[in-house]
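Please examine the sequence and the structure before working through them.

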Amino acid sequence: MVKVGLISDSHSYIDEIVLKHLQAVDEVWHAGDIGDLGVIEALPSGKILRIITGNIDDQAAQDRFPETLIFDLEDMKVLMTHIGGKPPKYAKGIKSLLKKEKPQLFVCGHSHICKVEYDRELNCLYMNPGAIGQHGFHVMRTLLLFEIEKGEIQGLRVVELGKRGRLK
C-alpha cells in the first residue's frame, strides 16, 4: 500500500497546514502550477515526488519537471497532466490520450475545483485536488489524501485547508 498526498495549483504558496498533512504520506504528487520552486523545496523530505508543470510555470520548472507523467504504482496506471478538463468534457487532446494510454487514474489540476468522478466510458477515475494556493477564484483551499493498494484507491479524503486569502 502506498499513501499519496495530491496537491495542485500552489502558485508559489505552501503553508504549515499543507505540510502537516503531507508528513504521513509516502508520495507527494503536485499536479502543476507550482510557481516558485521553493514550494517543492519545502515539501517533506524522504517522500517520493511526482511533479508536473502547469501553464504558469517558468522555464526553470519546465527544465526540472515534465508536463505529463505516466507511471504505474501498485498495479495501477496513472496519467497526470495539468490542464485536463473534466468528464465528459476533457481539454483538447486529453480524451484521445486517455483512450490511447488507458490509465485507471487520471489526475489534473488547473480548475482550482476539487472533483473526483468515475468516467464509465473510459473506465477511469478522474481526480482534481483543487488548489492549495492563495491565487485564483476558488473559495476553499483543498488537497486529496488516499492510498493505492493492488490497483485500488482506498481511504480517499478531501482535506479542506481553509478559505483562500484567510490569515492564519
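This is a predicted model: local features need pLDDT of at least 70, side-chain atom pairs count only at pLDDT 80 or more; totals for chains, interfaces and linings use all residues.

**Exercise 1. Overall fold**

Determine whether the radius of gyration of the protein chain agrees with that of a compact globule.

Solution. 
- Step 1: The secondary structure of the chain consists of four helices and twelve strands.
- Step 2: A compact globule with 168 residues would have a radius of gyration near 15 Å, and the protein chain has 15 Å, so the two agree.
- Step 3: Along the principal axes, the C-alpha atoms fill a box of roughly 40 × 35 × 30 Å.
- Step 4: Among contacts with a separation of 6 or more, 50% join residues 24 or more positions apart.

**Exercise 2. Interior**

Identify the residues with the most contacts inside the largest nonpolar core, and the elements that give two or more residues to this core.

Solution. 
- Step 1: Of the 168 residues in the chain, 49% are buried, where buried means under 20% relative accessible area.
- Step 2: The largest nonpolar core holds 20 residues, and I7, V18, L43 and L143 have the most contacts inside it.
- Step 3: Two or more residues of this core come from each of α1 (16–22), α2 (38–42), β11 (140–149) and β12 (152–163). The largest share, three residues, is that of α1.
- Step 4: Beyond its neighbours within four places in sequence, V18 is in contact with I7, I132, R141, L143 and L161.
- Step 5: A second, separate core has 18 residues, among them F71, M76, M80 and L144.

**Exercise 3. Positive phi angles**

Two residues other than glycine, D75 and H110, have a positive phi. Locate each of them and decide whether it is buried, partly exposed or exposed.

Solution. 
- Step 1: D75 has a phi of about 65° and lies in the loop between β4 (68–73) and β5 (76–81).
- Step 2: The relative accessible area of D75 is 68%; the cut-off for exposed is over 50%, so D75 is exposed.
- Step 3: H110 has a phi near 80° and is found in the loop between β8 and β9 (114–119).
- Step 4: H110 counts as partly exposed, with 33% relative accessibility.

**Exercise 4. A cis peptide bond**

Which kind of peptide bond joins P87 and P88, and where does P88 lie?

Solution. 
- Step 1: Omega is about -5° for the bond joining P87 and P88, which is a cis peptide bond.
- Step 2: P88 is placed in the loop between β6 (85–86) and β7 (89–90).

Definitions and conventions:
Residues are numbered from 1 along each chain as its sequence is written. Side-chain values use heavy atoms; hydrogens and water are left out. The radius of gyration is taken over C-alpha atoms; the globule rule is 2.2 Å times the number of residues to the power 0.38. Buried means under 20% relative accessible area, exposed over 50%, partly exposed in between (1.4 Å probe, protein chains only). Contact means heavy atoms within 4.5 Å. A nonpolar core is a set of buried Ala, Val, Leu, Ile, Met, Phe, Trp, Tyr and Cys residues joined through side-chain atoms within 4.5 Å.
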